[in-house]
Amino acid sequence: MTSAAAQPSLGLHPMTDTRRQIVDAALALVADRGIGATSVDEIAAAAGVAKGSVFYNFGSKSGLFEAIIAEGVTRLTAALRAAGDGLQGRAALDAMLGALLEQVRAHPDFAKLVVAETFRSGRAWQESIRQVREESMGTLVSVIEQEWPERDARLTAAALFGAALVAGLEWLVFQPDRSLDEVRAAVLSTVR
C-alpha cells in the first residue's frame, strides 16, 4: 500500500482557487464525456481561465487528471479508514461501505470517473487508477481477511468496492428515493 507521503508525486499540491476551479471544471466534464473526449480548451473555458493556466498549474492534461485522481483517492481512503477505525469484522465492513456510499453521494463525478477509467489500459494515469484499488480497496482487504478467512480477500474487496460504486451511482441516478441504509444493505447482502 502506498503511504500518504507518496501522494504528492501524483500531483497533490495545495489547492489554490485557480487549481480548484480547473479541477472542478475538468471533473464535471470528464464525468459526462470521458477523459479522451474532453479537451484542455473545454476545461479552461468551463473553469473560466486561460488555457495556459491549465498547463501552468498541471503541466499537461495528464497531469491534471493525475491531480484529480490523487485528490479523490486521498479523500476516499481517509473516509474509509476513519469509518472503520476502532471497529472489526462486519461492523467495520458495514461502516466502510456506508462511508464509500457517502463518498459516492458527495462526489458522484469522481465515482463516475473511477468506474469509467479503471479498466481502460494505455492511459498515462493508469498507475493512479491502480492506486484507487491499492489505497481504497486495500482498506477493505484486512477486514475481509478477519471476517472471512476462507475467501480471497482481494477479490472479495474488489467485488464489494465495485458493487458499492455501481450501486451508489444507480441509487443517485435511478433510485434516489432509496436510503443509504437500503443501498448499503443491498451491497452487503452479496457477501452474507
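The dialogue below treats domains, their interface, salt bridges and individual residues.

User: What kind of model is this, and how are its residues numbered?

Analyst: This is a predicted model, in which local features need pLDDT of at least 70 and side-chain atom pairs count only at pLDDT 80 or more, whereas totals for chains, interfaces and linings use all residues. Residues are numbered from 1 along each chain as its sequence is written, and side-chain values use heavy atoms, with hydrogens and water left out.

User: Into which domains is the protein chain divided?

Analyst: Domain bounds come from an automatic or database domain assignment. Here the protein chain is split into domain 1 (15-59) and domain 2 (65-190). Their C-alpha centres are 25 Å apart.

User: How many residues of each domain are in contact?

Analyst: Contact means heavy atoms within 4.5 Å. By that rule, 14 residues of domain 1 are in contact with 11 residues of domain 2. Buried area is the accessible area (1.4 Å probe) that two parts lose on being put together, summed over both. Between domain 1 and domain 2 this area is about 990 Å², and carbon and sulfur atoms give 74% of it. Leu27, Ala31 and Ile35 supply 54% of the area that domain 1 buries against domain 2, more than any other three residues.

User: Which polar and charged links are found across the interface of domain 1 and domain 2?

Analyst: A salt bridge is a side-chain nitrogen of Lys or Arg within 4 Å of a carboxyl oxygen of Asp or Glu. The rule finds 2 salt bridges across the interface of domain 1 and domain 2. A polar contact is a pair of N or O atoms within 3.5 Å; within protein, one must be able to donate a hydrogen and the other to accept it, and residues adjacent in sequence count only if both atoms are side-chain atoms. Across this interface, 1 residue pair is in polar contact, with both residues at pLDDT 80 or more.

User: Which helix gives the largest share of the side of domain 1 that touches domain 2?

Analyst: Helices (H or I, at least four residues) are DSSP runs, numbered from the N terminus. Helix H1 (residues 17-33) gives the largest share of that side of domain 1, with 9 residues. For residue classes, Ala, Val, Leu, Ile, Met, Phe, Trp, Tyr, Cys and Pro count as nonpolar, Asp, Glu, Lys and Arg as charged, and the others, Gly among them, as polar. The side of domain 1 that touches domain 2 has 10 nonpolar, 1 polar and 3 charged residues.

User: How many salt bridges does the structure hold, and how exposed are residues that form them?

Analyst: The structure holds 13 salt bridges. For exposure, buried means under 20% relative accessible area, exposed over 50%, and partly exposed in between (1.4 Å probe, protein chains only). Glu42 and Arg33 meet through their side chains in a salt bridge at 2.9 Å, N to O. Glu42 is partly exposed because its relative accessible area is 32%, and Arg33 is also partly exposed, at 43%.

User: Where in the chain do Glu134 and Arg154 lie?

Analyst: Their side chains, those of Glu134 and Arg154, form a salt bridge of 3.2 Å, N to O. The pair links distant parts of the chain, 20 residues apart: Glu134 is in helix H7 (residues 126-147) and Arg154 in helix H8. Glu134 counts as buried because its relative accessibility is 19%, whereas Arg154, with 47%, is partly exposed.

User: Which residues are linked with Arg75 in a network of salt bridges?

Analyst: The network joins Arg20, Asp24, Glu71 and Arg75. Arg75 lies in helix H4 (residues 61-84) and is partly exposed, with a relative accessible area of 23%. Leaving aside neighbours within four places in sequence, Arg75 contacts Gln103, His107 and Phe110. With Gln103 the link is also a polar contact between side chains, at 3.4 Å.

User: Is Ala47 buried or exposed? What does Thr156 touch?

Analyst: Ala47, in helix H2 (residues 40-47), is buried because its relative accessible area is 8%. Not counting residues up to four places away in sequence, Ala47 touches Gln21, Ile22 and Ala25. Thr156 lies in helix H8 (residues 153-173) and, under the same exclusion of residues up to four places away in sequence, touches Ile144, Arg151 and Val191. A polar atom of the Thr156 side chain lies 2.9 Å from the backbone oxygen of Asp152.

Notes: Helix = DSSP H or I, 4+ residues; strand = E, 2+ residues; numbered from the N terminus.
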